[in-house]
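User: I would like to learn how to read the features of a protein model, one at a time. Please give the general idea before each case.

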Amino acid sequence: MMGKIAVLLSCYPRMSETFVAQELLGLEKAGLDIEIISLMRPETAQRQPVNDEIRASVHYLPYSLLFDLPAFAAAWWRQRRQPRYGAALAAFRRDLRRDFTTGRIRRFAQSLVVADRLAGRYSRLHANFIHKPATVAHYVGLLTGIGWTCSAHAKDIWTEPEWELRDKLRCLDWVVVCTRHGAERLRALAADPALVHLSYHGLDLRRFGAFDGQRPGHTGDGPADCLRFLAVGRAVPKKGFDTLLEALALLPRALCWRLSHIGSGSETEALQNLARRLGIADRIDWRGTLEQPEVLRAYRDADLFTLPCRIAENGDRDGLPNVLVEAASQRLAMVSTTVSGIPEFITDGIDGLLVPPDDAPALAAALLRLARDPALREALGRNAEHRVRSEFDHHRGIAFLMTLFAGGARRPRA
């Protein structure tokens, strides 16, 4: 018996993290007894349909160091008498000297609450993301002796400082990473690289059934033949949507196209202003955040999908964006970049086209090439769909995770 497992998340549910919800639901259906611990409450009540299928209870931790101070103080008052508190406090003080932030203090305070109120319920903690949730899991492990594991993804791997990644990799039992690119970074930092496992997310193919329609083969030769470009992703720097707008502005003026963008984010207004300056605002539909069934319809209605990812100034980057796998499942030709784990999924010229990041002329050339060649779009789309349906069924990843959970802790607890 594995017992009940607590899954720690930064915020649950999030509309943009369907891959997290899909994994939680898959683990539940595979028989794992889980509860969810969320470090903060969502800002909106909007949810994806998959979230409504998850039966696990959700515990929201106190968050504000000011308004929730009584809850934090009560947990500290009780935990300070526990035998492991001294070692946990020493680790926190060491970390605070290297990262003197309110976020660091908050995460230690939240770990006190978990140790005080919830830890006795669980046989293991599992942090989804190796940054904030793993920090709380790490401190809870020090406070209670409960073993913890982790799923690492993209931003959390590349924006977390190396010293903290090394500390966590010394203390966790295992970590699973969703790209080879990310796994190689963590293996390079781990004292025991064998604790780092590679497992792609995959896709729930029941939700993304095969598209049996025929795309009309648009080439952009007029309003009746207008090309439908699609981009899905949060409006944040690492997605490279400013480069996409610059590339679209370089296309021949006679080419008829429209872009639908699905997603919201901090850069939305700036992107809309850029589109106006480039003279293409009247060709773009900003659709905001949509539920998964609506996104599926958008994939099926589009002629071409594009996601021009980049590495942001702070090191943030995607791993393998789930939207690429979703688009491929619908036989949709794709143009993306050579960033991170994307080339692990798309082979240039076979499953899609890849260009360097931040290269608007190269992106424009790739878009124009596919715009003028519907037969190439169809061939790339078919190859990409075959790749998804033969290699990226998410049940493989769930089975692998269940094997890891069943294996128990890899190292003894002090």
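The dialogue below goes through sheets, cores, ring pairs and backbone angles.

Analyst: Keep in mind that this is a predicted model.

User: What is the strand order of the open sheet of six strands, and which pairing does it have?

Analyst: The order is β10-β9-β8-β11-β12-β13, and the pairing is parallel. β10 (284–286) and β13 (353–355) are at the edges with a single partner strand each, so one side of each has no neighbour in the sheet. From one strand to the next the twist averages 20°.

User: How many bridges join β12 and β13?

Analyst: Three bridges, in the parallel sense, pair β13 with strand β12, residues 334–337. Within that pairing, threonine 337 is opposite valine 355 of β13. Helix α14 (residues 360–371) packs on the sheet, where it touches β8 (227–232), β11 (304–307), β12 and β13. The direction of α14 makes about 165° with that of β13.

User: How should I read the side chains of a strand?

Analyst: In a regular strand, side chains alternate between the two faces of the sheet. Take β5 (residues 148–152): Trp148, Cys150 and Ala152 point one way, while Thr149 and Ser151 point the other way.

User: Are the residues of β5 buried or exposed?

Analyst: Five of the five residues of β5 are buried, so the strand is largely enclosed by the rest of the structure. β5 also pairs with strand β4 (residues 124–128) in the parallel sense, over four bridges. There, histidine 126 is opposite threonine 149 of β5.

User: What is the idea behind a nonpolar core?

Analyst: In soluble globular proteins, nonpolar side chains tend to be buried together. Here the largest nonpolar core has 63 residues, and Leu248, Trp257, Tyr299, Phe305 and Phe345 have the most contacts inside it. Helix α14 gives the most to this core, with seven residues. Apart from this core lies another, of 46 residues, including Leu112, Val136, Tyr139 and Leu169.

User: Which residues does phenylalanine 305 contact, leaving aside neighbours within four places in sequence?

Analyst: Among the contacts of phenylalanine 305 are Leu230, Ala231 and Val232, then Tyr299, Val323 and Leu324, and also Met334 and Val335.

User: Where is phenylalanine 208, and which residues does it touch?

Analyst: Phenylalanine 208 is in the loop between β7 (196–198) and β8. Its relative accessible area is 1%, which is under the 20% cut-off, so phenylalanine 208 counts as buried. Not counting residues up to four places away in sequence, phenylalanine 208 touches Leu203, Gln292, Leu296, Tyr299, Glu326, Ser329, Gln330 and Arg389.

User: How do I classify an aromatic pair?

Analyst: Look at the distance between ring centres and the angle between planes; planes over 60 degrees apart count as edge-to-face. The count here comes to ten aromatic pairs. For tryptophan 174 and phenylalanine 405, the ring centres are 5.2 Å apart and the planes are at 70°, so this pair is edge-to-face. The pair links distant parts of the chain, 231 residues apart: tryptophan 174 is in the loop between α7 (162–171) and β6 (175–177), and phenylalanine 405 is in helix α16, residues 394–406. Tryptophan 174 and phenylalanine 405 are both buried. Elsewhere, ring pairs join Phe92, Phe108 and Tyr139 into a cluster.

User: Which arginines sit over tryptophan rings?

Analyst: Arginine 80 has its charged end over the ring of tryptophan 76, 5.4 Å from the centre. Arginine 317 lies over the face of tryptophan 158, at 3.9 Å from the ring centre.

User: What should I look for in the backbone?

Analyst: Most residues other than glycine have a negative phi, and most peptide bonds are trans. One case to look at is the bond joining tyrosine 12 and proline 13, which is cis, with omega about -5°. Proline 13 is in the loop between β1 (5–11) and α1 (18–29).

User: What is phi in arginine 331 and in aspartate 358?

Analyst: Arginine 331 has a positive phi, near 60°, and aspartate 358 has a positive phi of about 60°. Arginine 331 is in the loop between α12 (322–329) and β12, and is buried with a relative accessible area of 5%. Aspartate 358 is in the loop between β13 and α14, and is partly exposed, with a relative accessible area of 47%.

How values were computed. Residues are numbered from 1 along each chain as its sequence is written. This is a predicted model: local features need pLDDT of at least 70, side-chain atom pairs count only at pLDDT 80 or more; totals for chains, interfaces and linings use all residues. Side-chain values use heavy atoms; hydrogens and water are left out. Two strands pair if DSSP finds at least two bridges between them. Helices (H or I, at least four residues) and strands (E, at least two) are DSSP runs, numbered from the N terminus. Axes are lines fitted to C-alpha atoms, for helices over the stretch in contact, and angles run from 0 to 180 degrees between N-to-C directions. Contact means heavy atoms within 4.5 Å. Rings of Phe, Tyr and Trp (its six-membered ring) pair if their centres lie within 6.5 Å; planes under 30 degrees apart count as stacked, over 60 as edge-to-face and the rest as tilted. Buried means under 20% relative accessible area, exposed over 50%, partly exposed in between (1.4 Å probe, protein chains only). A charge sits over a ring if NZ of Lys or CZ of Arg is within 6 Å of the ring centre and within 35 degrees of the ring normal. A nonpolar core is a set of buried Ala, Val, Leu, Ile, Met, Phe, Trp, Tyr and Cys residues joined through side-chain atoms within 4.5 Å.
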